[in-house]
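Visitor: Could you walk me through this structure, please? I am new to this and will ask as we go.

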Amino acid sequence: MEYIKSWLKTILYMNVLLLICDNLMQKTAYEKYYRFFSGFLLVVCLLKPVIDFTGTEQYFQVSFLQEEWKNERNLLGNVKEFQDMQDVLKKEYETAYKNQIEEIAKKKNIQVKKITFWWDNKKEHLKQIEIRGILLKGSDSTLHTTDNPSHVESLKKILMQLYDLEESDVFVEVE
């Protein structure tokens, strides 16, 4: 019963607020946008019990929490300890990525000699990867990036999918 009272109060408050705003927005260029937005808000308020019953409220909370986390990170961005923590995390990511790439390359008969990572401005995502390596013995001796790119191309495709990169963002050179 308390839930229904709360729901009806929300609808009542929303209607009063929308009525006040409606009177302020009459005969303006933005009136049709306001009517769309206010109708949308009213529908969401009316569907609140359905949203609660189906359990989809968690998805709304997740997006809210993600936005809050971004805001907190923006506030903390200039704090030295936070920047140091980001640098440590970046190094740990690079180590994990390096081990993962070496394992994948080994399966493609490529021994990795050097891996270079480029990060986006916020140091959150990989922007580019450059891999230099040599072809292991026992594999096709004519394998070069220009002659027979099958191993190199398959390695590039795996890395593109794994790290959500474009083809131009993954550079692999095999001697």
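Guide: On the surface, Leu12, Tyr13, Val16, Ile20 and Leu24 make up a nonpolar patch, and together they have about 550 Å² of accessible area. A patch is made of residues with over 30% relative accessible area and no salt bridge, where like charges are joined within 9 Å and nonpolar side chains (Val, Leu, Ile, Met, Phe, Trp, Tyr) within 5 Å. Accessible areas come from the Shrake-Rupley method with a 1.4 Å probe, and for residues only the protein chains shown count as cover.

Visitor: What kind of model is this, and how are the residues numbered?

Guide: This is a predicted model, in which local features need pLDDT of at least 70 and side-chain atom pairs count only at pLDDT 80 or more, while totals for chains, interfaces and linings use all residues. Residues are numbered from 1 along each chain as its sequence is written, and side-chain values use heavy atoms, with hydrogens and water left out.

Visitor: Back to Leu24: is it buried or exposed?

Guide: Leu24 is exposed, as its relative accessible area is 66%. Buried means under 20%, exposed means over 50%, and partly exposed lies in between (1.4 Å probe, protein chains only). Leu24 belongs to helix 1, residues 2-25. Helices (H or I, at least four residues) and strands (E, at least two) are DSSP runs, numbered from the N terminus.

Visitor: How many bridges join strand 1 to strand 2?

Guide: Nine bridges join them, and strand 1 and strand 2 (residues 126-135) run antiparallel. One example is Phe117, whose bridge partner in strand 2 is Ile129.

Visitor: Which residues are on the covered face of strand 3?

Guide: Val170, Val172 and Val174 form the covered face, whereas Phe171 and Glu173 form the uncovered one.

Visitor: Changing topic, how many salt bridges does the structure hold?

Guide: The structure holds five salt bridges, a salt bridge being a side-chain nitrogen of Lys or Arg within 4 Å of a carboxyl oxygen of Asp or Glu. One of them joins Lys98 and Glu102, with the closest N and O atoms 3.4 Å apart. Both residues lie in helix 5, four residues apart, which is about one turn of the helix.

Visitor: Which residues does Arg132 meet in salt bridges?

Guide: Arg132 forms one with Glu130, the closest N and O atoms being 2.6 Å apart, and another with Glu173 (2.9 Å, N to O). The pair of Glu173 in strand 3 and Arg132 in strand 2 links distant parts of the chain, 41 residues apart.

Visitor: Is Glu130 buried or exposed?

Guide: Glu130 is buried, with a relative accessible area of 16%. Arg132, at 29%, counts as partly exposed.

How values were computed. Pairing = 2+ DSSP bridges.
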